Amino acid sequence: MCFNRQIPVLIDHLNQQLLERTAKGLQRQRRTAMTACTPRQQVNGGPHAVGAQPRNLLGFCSNDYLGLANHPALIEAIAEGARLYGAGSGASHLVSGHSQAHDALENLLAEWMSPAIPQARALIFSTGYMANLALLTALGDAQATIFSDKLNHASLIDGAMLAKAQVQRYPHGDLAALERQLQACSTPLRLIVTDTVFSMDGDRADLPALLALAERYDAWLILDDAHGFGVLGPQGQGSLAHAELCSERFILMGTLGKAAGIAGAFVAAHPVIIDWLMQTARSAVFTTAAPPAIAHALLTSLHLIASEEGARRRAVLQEHIGLLRSGLHTLIDQHPDLGWRLGASDTPIQALIIGDNAQSLALSNALDAQGLWIPAIRPPTVPVGTSRLRITLSAAHTADDIRHLLAALHGIARDPT
Ligand SMILES: *Cc1c(COP(=O)(O)O)cnc(C)c1O
């Protein structure tokens, strides 16, 4: 009986908090894409929705950096994978869900990572979020200290919270502060954890300096290459290939739903670490294996990434980054009064930092009115006072798409009503 009385109490409590979020300009809305993930999509919902009529929007918000999410070869590979292996895996990897497609994908990823991580083996996960929980909880035991960059992805923060290890956060990119923490550390195991490319700013971690610290203080280096894999490195092998580094200390997590265009993630590391994760990491053990068709299609995706076509797509992406950045610099120089600034980034993630939540949202809405889809990213995803437009570029964009966005931003900056 008394449970019935709790229902209105909880609902009132949650409603109150939702209203507070709305008042702070923090409410979020989903839109519904009616078509495939490409820069031009038909979308339902949003601030300028007209009834249930889908609108054509030009988007700068996906992480499909190479434009593979709608690639005909991948669509065909998923269909082929389903014909070969069926729709679902039926069980976790350790029970009966591990198929030869999963196995082949792990072997190929291990081969890709072995120049950077001697003897590397790889273990696949359904999502990057789960891979990061696995890594930090399985390695971060009571003997360990986790050293974590303050701007690390939420999945690393959550993994660190779930781990039994002590956790020290260091200011973003402040390796002097990290070194002081390492010096003062007395636990036998030390895990330095960082995004390689930071997801909301697009800046890159200083991997050579981090490796030098890891060597000096006998620490492991856990790297989240969600935004580097496929994009950086001569064949798209990611941040370690880009930095031309090699060490047994690297434990690399890469995701397969961004540049690789499908879904999933992997960890590559020393074979004993991989075995330990496979045996003990709860988000690997207690979950159904992703459909083998996904793994089968990812094999095609990796071949594409490493191919001439992949190289061409990366070259197009680099041109787009240059075009957008020079246009945004001009815009900011012409309107210093607006207080906008551009984050330092040479990756497809470009942050136009506005500061105020409501102003960021207003700018995003004004762009939406012109058919441009660029989300305003607000706290808690980014620090308070740094609300922004997070513009992401894809090889599937055209140079005209980028000029179109720049023209719209110039128009709004001239007449910000
Ligand atoms: C997207 C992302 C993840 C999570 O990967 P999913 O496969 O989407 O769960 C982890 N880390 C970073 C830095 C990311 O950007």
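Mentor: One term before we start: two strands pair if DSSP finds at least two bridges between them. Also keep in mind that this is a predicted model.

Trainee: Got it. What strand order does the open sheet of seven strands have?
Mentor: The order is E4-E10-E9-E8-E7-E5-E6, and the pairing is mixed.

Trainee: Which strands stand at the edges?
Mentor: E4 and E6, the latter covering 166-170. Each has a single partner strand, so one side of each has no neighbour in the sheet.

Trainee: And how much are neighbouring strands turned against each other?
Mentor: By 20 degrees on average, ignoring direction.

Trainee: What packs on this sheet?
Mentor: Helix H4, residues 100-113, does, and touches E4, E9 and E10. The direction of H4 makes about 130 degrees with that of E4.

Trainee: Back to E4. Is that strand mostly covered or mostly uncovered?
Mentor: Mostly covered. E4 spans residues 121-125, and four of its five residues are buried.

Trainee: How many bridges join E4 to E10?
Mentor: Five, and the two strands run antiparallel. E10 is residues 265-269.

Trainee: Which residue in E10 stands opposite Ala122?
Mentor: Ala268.

Trainee: What about E9 and E10, how do they pair?
Mentor: In the antiparallel sense, over four bridges. E9 runs through residues 250-255. Gly254 stands opposite Phe266 in E10.

Trainee: New topic. How many residues has the largest nonpolar core?
Mentor: It has 83 residues. Ile192 and Leu367 have the most contacts inside it.

Trainee: Which domains does that core draw on?
Mentor: Domain 1 (32-61 + 309-414) and domain 2 (72-306), with at least three residues from each.

Trainee: Okay, what does Leu367 touch?
Mentor: Leaving out residues up to four places away in sequence, Leu367 touches Leu372, Ile374, Leu389, Leu405, Ala408, Leu409 and Ile412.

Trainee: Now helices. At what angle do H12 and H13 cross?
Mentor: Roughly 65 degrees, and their axes come within 4 Å. H12 is residues 292-306, H13 is residues 308-334.

Trainee: Which residues make the contact?
Mentor: H12 brings Leu304, Ile305 and Ala306. H13 brings Glu308, Glu309, Gly310, Ala311 and Arg314.

Trainee: How do those residues of the contact divide?
Mentor: Into four nonpolar, one polar and three charged.

Notes. Residues are numbered from 1 along each chain as its sequence is written. This is a predicted model: local features need pLDDT of at least 70, side-chain atom pairs count only at pLDDT 80 or more; totals for chains, interfaces and linings use all residues. Side-chain values use heavy atoms; hydrogens and water are left out. Buried means under 20% relative accessible area, exposed over 50%, partly exposed in between (1.4 Å probe, protein chains only). A nonpolar core is a set of buried Ala, Val, Leu, Ile, Met, Phe, Trp, Tyr and Cys residues joined through side-chain atoms within 4.5 Å. Domain bounds come from an automatic or database domain assignment. Contact means heavy atoms within 4.5 Å. Axes are lines fitted to C-alpha atoms, for helices over the stretch in contact, and angles run from 0 to 180 degrees between N-to-C directions. Ala, Val, Leu, Ile, Met, Phe, Trp, Tyr, Cys and Pro count as nonpolar, Asp, Glu, Lys and Arg as charged, and the others, Gly among them, as polar.
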